[in-house]
Amino acid sequence: MEFEAKWIAWEITRRCNLNCVHCRSSSGMEIDGHPDFPLSEAIRVLDDIAAYAKPVVVLSGGEPLLRPDVFEIAAHGNAKGLRMCLATNGTLVTQEICGKIKAAGIKMVSLSLDGASAPVHDNFRNQPGAFAATINAAKLFKENGIQFLINSSFTKRNQEEIPKLLALAKSLGATAWYMFMIVPTGRGEAIMDELISPADYEKLLEWHYEMEKHEEDILVRPTCAPSYYRVVLEQAKKQGDDFKRRTLKFSTGGAKGCLAGQLICLIDVDGNVLPCSYFPKAAGNLHQQSFKDIWENSTLFAEMRDFKGYKGRCGSCEYVGVCGGCRARAYAVSGDYLGEEPFCTHVPRKFKG
């Protein structure tokens, strides 16, 4: 199947103990009309997904550790043959939590770390002590043999931290480090003027290419940065590198940039199935449809999978098949999810705009 569901992020709660500047769902301790669903509903959704596909399922939020039944959810998914993972800010992790993570069969935990020092990370997360707590979580995971990766999100306020965060992730023993390029949705809309400039965005992707070429100790990948696949092709050709080897090294489930609605999706706390974590438009709802029906028959997903319908520079780009542009960023900036990637500097050969 060309468009197989391989990775699902699942917002099992919108509650969160932090108040991060870039939060896609504007999470907080007040649920504001988006209550947690019961365990029975979680089991129904997992059964529905497992009957159709066997994707990676990342239990996310908000902060998923605020749900007392998070490990029951993970254990059930694991029993159904799903690869269950957990995305946490790390501040609630203890030795007891580590034991429950292992008992539930969770395969990987992702931690969010946006600064290599307390002043930077705590500013990003709007919470003094967040940095120390997350570093402690990483150390506990390492001590308990729990595989973890580190996600780092960047704006102008912390882009100078990028190489420092890579070094920190390696020193902590992370399996992978993912460089997230912010998509301004949710609370992130308020920091639109803090987005990394298109010129710096391009330079960072070129830096990542050179870094990755020599990095052997940790898996690295830019995320929400589909233009990287174009940069890889351009730089590999320019430098005579082996593109196929490099693509397989950093690719997760598909040899192209934007995978939203093609190999990945998000299920929000209300049961809406969205193309990705940063795309606030639903393809369907699991209270009315099966996951299979939404994945295979959604008009939104069909439009996103049809590259011929893309507009602007993306519509005429020679790299559309390996990049595709960030559909969520296009939607956030222009209101048109089929529009061109607003932070890409490339001008296609056939572009006549």
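Phe291 touches Ala5, Ile8, Asp48, Ile49, Tyr52, Cys265, Val273 and Leu286, leaving out residues up to four places away in sequence. The model is predicted. Phe291 is also among the residues with the most contacts inside the largest nonpolar core.

**Nonpolar core**

- The largest nonpolar core has 105 residues.
- Trp10, Leu59, Phe141, Trp177 and Phe291 have the most contacts inside this core.
- In soluble globular proteins, nonpolar side chains tend to be buried together.
- Leu59 sits in strand β2, which covers residues 56-60.
- Its relative accessible area is 0%, so Leu59 counts as buried, the limit being under 20%.
- Beyond four places in sequence, Leu59 is in contact with Trp10, Ile12, Pro64, Val70, Ile73, Ala74, Met84, Cys85, Leu86 and Ala87.
- One of these contacts, Met84, is 25 residues from Leu59 in sequence. The C-alpha atoms of Leu59 and Met84 are 7.4 Å apart.

**Aromatic groups**

- The whole structure holds 10 aromatic pairs.
- Phe279 and Tyr337 form one of them, with 5.6 Å centre to centre and 55° between the planes, a tilted arrangement.
- Phe279 lies in the loop between β9 (272-274) and β10 (284-285), and Tyr337 in the segment after α13 (327-334), so this pair ties together parts that are 58 residues apart in sequence.
- Phe279 and Tyr337 are both buried.
- Tyr337 also pairs with Tyr331, edge-to-face, at 5.9 Å centre to centre and 70° between the planes.
- The relative accessible area of Tyr337 is 13%, so this residue falls under the 20% limit for buried.
- Tyr331 has 23% relative accessibility and therefore counts as partly exposed.
- Tyr52, Phe291, Trp295 and Phe301 form one aromatic cluster.

**Cavities**

- Three cavities of 30 Å³ or more are counted.
- The largest cavity has a volume of about 120 Å³.
- Its lining has 15 residues. Cys314, Cys317, Cys323, Glu341 and Cys344 lie nearest the centre of this cavity.
- Helices α8 (227-239) and α12 (312-315) each supply at least two residues of that lining.
- The lining of the largest cavity divides into seven nonpolar, four polar and four charged residues.
- The second largest cavity has a volume of about 80 Å³.
- Phe154, Met181, Ile182, Leu195, Ile196, Tyr201, Arg329 and Phe343 line the second largest cavity.
- Seven residues of this second lining are nonpolar, none is polar and one is charged.

**Backbone details**

- Gly61 and Gly62 are joined by a cis peptide bond, with omega about 20°.
- Gly62 belongs to the loop between β2 and α2 (70-79).
- Asn126 is not a glycine, yet has a positive phi of about 55°.
- Asn126 lies in the loop between α4 (118-125) and α5 (130-143). At 41% relative accessibility, Asn126 is partly exposed.
- Cys224, also not a glycine, has a positive phi of about 55°.
- The loop between β7 (219-223) and α8 holds Cys224.

Technical notes: Residues numbered from 1 in each chain as written. Heavy atoms only, no water. 1 Å grid on protein atoms, 1.4 Å probe; cavity = no way out; pocket = protein on both sides within 12 Å on 5 of 7 lines; lining within 4 Å. Points joined across faces, edges and corners; volume = space filled by probe spheres on them. Helix = DSSP H or I, 4+ residues; strand = E, 2+ residues; numbered from the N terminus. Nonpolar A, V, L, I, M, F, W, Y, C, P; charged D, E, K, R; others polar. Core = buried A, V, L, I, M, F, W, Y, C linked by side-chain atoms within 4.5 Å. Buried < 20%, exposed > 50% of the residue type's maximum accessible area, 1.4 Å probe, protein only. Contact = heavy atoms within 4.5 Å. Phe/Tyr/Trp six-rings, centres within 6.5 Å; stacked < 30°, edge-to-face > 60°.
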